[in-house]
Number of protein chains: 4
Amino acid sequence: MISTEERQRCIEACMECVEACNNCYVSCLGEEHIDMMRECIRLDRECADICQFAIKAMSSNSPYMQQICELCAQICEDCAQECGKHQHDHCQRCAEACRHCAEACRSMAA
Amino acid sequence: MISTEERQRCIEACMECVEACNNCYVSCLGEEHIDMMRECIRLDRECADICQFAIKAMSSNSPYMQQICELCAQICEDCAQECGKHQHDHCQRCAEACRHCAEACRSMAA
Amino acid sequence: MISTEERQRCIEACMECVEACNNCYVSCLGEEHIDMMRECIRLDRECADICQFAIKAMSSNSPYMQQICELCAQICEDCAQECGKHQHDHCQRCAEACRHCAEACRSMAA
Amino acid sequence: MISTEERQRCIEACMECVEACNNCYVSCLGEEHIDMMRECIRLDRECADICQFAIKAMSSNSPYMQQICELCAQICEDCAQECGKHQHDHCQRCAEACRHCAEACRSMAA
C-alpha cells in the first residue's frame with residue numbers, strides 16, 4: 001500500500017528531475033565539446049519525458065503507476081550514470097536529481 | 001526579458017496545476033453526479049497536459065515558451081472558470097491552482 | 001532483432017490506436033449514460049497517452065522501446081476489454097484498434 | 001468550419017512529421033559533425049513534441065486545436081528551414097515532412 005506522503009515525495013522528485021534533465025539537455029547542446037555529450041543529450045530527453053509520464057500517472061492515480069515508476073527508476077539510473085561521468089555543473093546536478101528520483105521511484109514500485 | 005525567478009515561479013505554478021488538475025480529473029470520474037462533471041473532466045485533462053508542455057518548454061529554454069505560456073494561461077482560465085462552478089473540494093482546489101498558474105503564465109507571456 | 005517493417009507496423013498500429021482512443025474518449029464524455037462510461041474514459045486516456053509515448057520511443061530508436069511496448073500492450077488489452085463491453089460504435093472501433101495495437105506491441109516486446 | 005477530411009489529413013501529416021523529426025533527431029545525435037547539428041537536434045525535438053500535442057488535440061476534438069495547430073505550423077516551418085540547410089538524407093526527409101505538416105496545420109488554423 002502506497003501512502004499519500006510517499007507518492008507526493010515521488011512526484012516532487014520527478015518534478016525536480018524533469019527540470020534538471022531538461023536544463024542539462026539544453027546546456028549540453030550548447031557545450032563546446034558536444035561530441036562527448038551525445039549520450040547525455042539522448043538520456044536527458046528520455047529521462048525528462050518518462051518523469052513527466054510518471055507524474056501524470058501518479059497525480060491521476062493510474063493503476064499502472066507502479067510499472068511506470070519502475071521503468072522511470074531504470075531510466076533515471078542510466079541517466080545518472082551517464083551524467084555522472086561529466087564534470088559540467090549541469091551534469092552533476094542532473095546526476096544528483098536522477099539518483100534521488102530513481103530512489104523515490106524504486107520505493108513507489110516496490 | 002524574463003528573469004530566472006519569474007520562470008522558476010511559473011514552472012512551480014504549472015507543477016501545482018498539473019497535480020490539482022489530474023487529481024480533480026480522477027475525482028470527477030468517481031463523482032456520483034458525473035453527468036454534471038463532463039466539462040470539468042475534459043478541461044482538467046487539457047489543462048494538465050498543456051501545463052506539462054509548458055514545463056518542458058520553460059525548463060528546456062524553448063524559444064516558443066512565451067507562446068506556449070500564453071496558450072496555457074487561456075486554458076488555465078477556462079478550467080478555473082469551469083471548476084469554480086462546482087462545490088467539490090477537488091474542484092475548488094483545482095480552480096485556485098488554475099488561477100494562480102494562469103497569472104504566472106500571463107506574466108511569462110507578456 | 002526487430003526488423004524495420006515490424007517497427008513501422010507497430011508505430012502505425014499505435015497511431016490508429018491514439019486516434020481511436022481519443023475519439024472514444026471525447027464521445028464517451030458526450031454519451032447520455034456517461035455513468036456507465038467512467039472506466040472507458042479513464043482507460044481511453046491512459047491508452048492514448050502510452051501509445052503516443054511508444055511512438056516517440058520507437059521513432060527515436062529508444063533503448064527502452066521494448067519495455068515501453070510491453071506496458072503499452074497491457075494497457076491496450078485492458079482498454080480493449082473495457083471498450084468491448086459497450087455497444088457504441090466508437091467503443092467497438094476503439095476495442096478493435098486496441099486489440100490490433102496490443103498484438104503489434106507484444107510482438108515488438110518479445 | 002473544419003471538415004473531417006481536412007482534420008484527418010492534418011493528423012496524418014503530423015504523424016509523418018513525428019516520425020521524420022524523431023528519426024532525424026536520433027540520426028543527428030549519431031552524425032560525425034554533430035557540432036553543426038545543434039539547432040537541428042533542438043528543433044527536431046520541439047517539432048516532434050508539438051506535433052504529438054496537435055494530434056492529441058485534433059483526435060480529441062479539443063476547442064484549442066486551431067491555436068495548437070497554428071503554433072505547430074510555426075515550429076514546423078522553423079524546423080523545415082533548419083533541416084533544409086543540411087544535406088543528410090534524414091534532414092532532407094525531415095524538412096519535407098515539416099513543410100507538408102506546416103501547410104496542413106496552417107490550413108487547420110485558418
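Let me start with D:N61, which counts as partly exposed because its relative accessibility is 39%, where partly exposed lies between buried, under 20% relative accessible area, and exposed, over 50%, taken with a 1.4 Å probe on protein chains only. This is a predicted model, in which local features need pLDDT of at least 70, side-chain atom pairs count only at pLDDT 80 or more, and totals for chains, interfaces and linings use all residues. Residues are numbered from 1 along each chain as its sequence is written, chains are lettered from A and ligands numbered from 1 in the order in which they are written, and side-chain values use heavy atoms, with hydrogens and water left out.

D:N61 sits in the loop between α2 (38-59) and α3 (65-84) of chain D, the helices being DSSP runs of H or I with at least four residues, numbered from the N terminus. Although D:N61 is not a glycine, its phi is positive, at about 55°. In chain B, the residue B:N61 lies in the loop between α2 (38-59) and α3 (65-83), has a positive phi near 55° without being a glycine, and is partly exposed at 40% relative accessibility.

Now to how the chains are arranged. Chain C is superposed on chain D by a rotation of 180° with 0.0 Å of shift along its axis, and the RMSD is 0.0 Å, so these two copies are related as by a two-fold rotation axis.

Through what surface do chain A and chain D meet? Of the interface residues of chain A, 100% are also interface residues in chain D, so the copies meet through the same surface. The contact, meaning heavy atoms within 4.5 Å, joins 14 residues of chain A to 14 residues of chain D. About 1,200 Å² is buried between chain A and chain D, with carbon and sulfur atoms giving 48% of that area; buried area here is the accessible area, with a 1.4 Å probe, that two parts lose on being put together, summed over both. On the chain A side, A:L29, A:R38 and A:R45 lose the most area to chain D, together 51% of what that side buries.

One salt bridge joins the side chains of A:R45 and D:D49, at 3.3 Å from N to O. On the side of chain A that touches chain D, the elements that give two or more residues are α1 (4-29) and α2 (38-59) of chain A, and α2(A) gives the most, with 6 residues.

Finally, consider D:N22, which is found in helix α1 (residues 4-29) of chain D. Is D:N22 buried or exposed? D:N22 is buried, with a relative accessible area of 1%. Leaving aside residues up to four places away in sequence, D:N22 touches A:R45, C:K56, C:S59, C:S60 and D:A48.

How values were computed. Least-squares fit on C-alpha atoms with pLDDT ≥ 70 in both. Salt bridge = Lys/Arg side-chain N within 4 Å of Asp/Glu carboxyl O.
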